Amino acid sequence: MGRSRYHVLGTQPHFLTCTVINWIPLFGKVEFTQIILDSLNFLQRQQRLTLYGYVIMENHLHLIASAASLSKEIANFKSFTARSIIDLLEKNKSNYILNQFELYKLKHKTKQEYQLWQEGFHPQVILDEEMFRQKLDYIHNNPVRRGYVDDPAHWRYSSCRNYMGELGLLQVELIDV
């Protein structure tokens, strides 16, 4: 794996985005989304990642997260989830999606047959409370902007419910906003 061109400083929260290669709408299938949820939950239980906010859309996800080594943890997350999803696709003989992952794989990735995630995760350090609030609102309103729901709390793959005092699919470290 090549060196990341992104540099994460310290353990402060960062806004980040992970995108499926060529924006393929993978997470419309619950079993793939569950792999993402289970992996994030594992990292939290192992105290390797602190999650402050999230949304999982059909072809990308946004997180507000921190870790002692955020770049390493996100790289591990992307590697593990890609392997798990590709294994499931192969098991289910989902050749169309696998062919897409092969077609759009970057040419320099010669040691792998498929590429699920775009390179990088575009971290932006959260500098203050106002920026945190802006990024959290952006995350929670992503499904509304896409026209999937009228109310951000109706999107189950988001931390919006957590911030409303309700039970979400993942635990998050709540910040008073």
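These are my notebook entries on a predicted model.

**Ground rules.** Residues count from 1 along each chain as its sequence is written, and I left hydrogens and water out, using heavy atoms for side-chain values. Since this model is predicted, local features need pLDDT of at least 70 and side-chain atom pairs pLDDT 80 or more, while totals for chains, interfaces and linings use all residues.

**Whole chain.** I began with the secondary structure: five helices and four strands, where helices (H or I, at least four residues) and strands (E, at least two) are DSSP runs numbered from the N terminus. Their order from the N terminus is β-α-β-β-α-α-β-α-α. I then looked up the extent of the C-alpha trace, about 45 × 35 × 30 Å along its principal axes. The radius of gyration is 16 Å, which agrees with the value near 16 Å for a compact globule of 177 residues; it is taken over C-alpha atoms, and the globule rule is 2.2 Å times the number of residues to the power 0.38. Contacts here are heavy atoms within 4.5 Å. Of those between residues at least 6 apart in sequence, 67% join residues at least 24 apart.

**Core.** Next I checked the largest nonpolar core, which has 50 residues. Such a core is a set of buried Ala, Val, Leu, Ile, Met, Phe, Trp, Tyr and Cys residues joined through side-chain atoms within 4.5 Å. Phe27, Ile36, Leu63, Ile85, Phe101 and Trp117 have the most contacts inside it. Elements giving two or more residues include strand S1 (14-19), strand S2 (50-56), helix H1 (30-45) and helix H4 (129-145). The largest share, eight residues, comes from H2.

**Strand S3.** How many of the residues of S3 are buried? I got seven of seven. I looked at each face: His60, His62, Ile64 and Ser66 are buried on one side, and Leu61, Leu63 and Ala65 on the other. In a regular strand the side chains alternate between the two faces of the sheet. S3 runs antiparallel to S1, with six bridges, and pairs with S2 in the antiparallel sense, also over six bridges; pairing needs at least two DSSP bridges. A three-residue hairpin joins S2 to S3. Beyond four places in sequence, the contacts of Leu63 include Phe15, Leu40, Tyr54, Ile74 and Ile139.

**Helix H1.** I compared its length with expectation: the end C-alpha atoms are 22 Å apart, and its 16 residues should span 22 Å, which agrees. The expected span is 1.5 Å times one less than the number of residues. Its buried residues include Phe32, Ile36 and Leu40, and their cover includes S2, S3 and H2. Just after H1, Gln47 takes a positive phi of about 55 degrees.

Is Gln115 buried or exposed? I have it as buried, because its relative accessibility is 2%. Gln115 sits in the loop between helix H3 (95-103) and strand S4 (124-125). A polar atom of its side chain lies 2.9 Å from the backbone oxygen of Trp117. Beyond four places in sequence, Gln115 touches Ile21, Phe101, Tyr104, Lys105, Leu106 and Lys109. Lys109 is also in the loop between H3 and S4, and its contacts beyond four places are Gln115 and Glu119.

How values were computed:
Buried < 20%, exposed > 50% of the residue type's maximum accessible area, 1.4 Å probe, protein only. Polar contact = N/O pair within 3.5 Å; in protein donor to acceptor, adjacent residues only side chain to side chain.
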